Amino acid sequence: METAFTLVMGLLFGLVLGSFVTMLSYRIPRKLSIVKPPSQCPSCKHRLMRRDLIPIFSWLTQRGICRYCNARIGRRYLVIEILVTLTVTLTFLIIGLSFALLPALLAIVALASFVVIWVEDER
Ligand SMILES: [Zn+2]
């Protein structure tokens, strides 16, 4: 029971942090603010609604296409969100629900963002 709760918490935190990493790794190299504006389509600049921002699921249900302008949404979003969700969930299961999770989650977000920015810069 406790493990199931830890698993669900890990998945929820993983989805949110994965989405956060995609935002950071898109905005930091472009020198954009990470607090505003709210998320928008890079192509048509349409503001994204809540249903467009559900990590992993929105990309899958829209098949990687913007619902407003039909532009392709990079597979990077899906891949980053899945990898971060898996890493965070595993970390929750290994460490358990404790304050030791905080530095671990910070490290995951920082490292994942760094790696994505670095990989995309090399291309
Ligand atoms: Zn669009």
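The model is predicted: local features need pLDDT of at least 70, side-chain atom pairs count only at pLDDT 80 or more, and totals for chains, interfaces and linings use all residues. Residues are numbered from 1 along each chain as its sequence is written. Helices (H or I, at least four residues) and strands (E, at least two) are DSSP runs, numbered from the N terminus.

**His46 and its surroundings**
- His46 is partly exposed because 14 other C-beta atoms lie within 10 Å. For this label, a residue is buried if 20 or more other C-beta atoms lie within 10 Å of its own, exposed if 12 or fewer, and partly exposed in between, with C-beta atoms placed from the backbone.
- Apart from neighbours within four places in sequence, His46 is in contact with Gln40, Cys41, Tyr68 and Cys69. Here, contact means that the C-beta atoms of two residues, placed from the backbone, lie within 7 Å.
- Val116 is 70 residues from His46 in sequence, and the two are 25 Å apart in space, C-alpha to C-alpha.

**Other backbone features in the loops**
- The loop between H1 and H2 also holds Pro37. The peptide bond leading from Lys36 to Pro37 is cis, with omega near 0 degrees.
- Lys45 is found in the loop between H1 and H2, and its phi is near 65 degrees, a positive value in a residue other than glycine. Lys45 counts as exposed because it has 10 C-beta neighbours inside 10 Å.
- Arg63 sits in the loop between H2 and H3, with phi near 50 degrees, a positive value in a residue other than glycine. With 8 other C-beta atoms within 10 Å, Arg63 is exposed.

**Helix H1 and its packing**
- H1 has 26 residues and reaches 37 Å from its first C-alpha to its last, close to the 38 Å expected at 1.5 Å a residue. That expected span is 1.5 Å times one less than the number of residues in the helix.
- Which residues of H1 are buried? They are Gly10, Gly14, Leu15, Leu17, Gly18, Ser19, Val21, Thr22, Ser25 and Tyr26.
- An α-helix has 3.6 residues a turn, so residues three or four places apart point the same way.
- H3 and helix H4 (101–122) are included in what covers the buried residues of H1.
- Helix H1 (residues 2–27) packs with helix H3 (residues 75–95) at an angle of about 145 degrees, and their axes are 7 Å apart. By class, this contact of H1 with H3 has 13 nonpolar, eight polar and one charged residues.
- Axes are lines fitted to C-alpha atoms, for helices over the stretch in contact, and angles run from 0 to 180 degrees between N-to-C directions.
- Ala, Val, Leu, Ile, Met, Phe, Trp, Tyr, Cys and Pro count as nonpolar, Asp, Glu, Lys and Arg as charged, and the others, Gly among them, as polar.

- Phe57 is found in helix H2 and is exposed, with 12 other C-beta atoms within 10 Å. Phe57 and Trp118 are 61 residues apart in sequence and 26 Å apart in space, C-alpha to C-alpha.
- Leu78 lies in helix H3 and is partly exposed, with 18 other C-beta atoms within 10 Å.
- Leaving aside neighbours within four places in sequence, Leu78 is in contact with Ile56 and Trp59.
- Glu2 and Leu78 are 76 residues apart along the chain, and their C-alpha atoms are separated by 29 Å.

**Confidence**
- The protein chain has a mean pLDDT of 94, and 100% of its residues reach 70 or more. This score is the predictor's confidence in each residue, from 0 to 100.
- In the protein chain, confidence is highest in H3, at 96, and lowest in helix H2 (residues 57–61), at a mean of 94.
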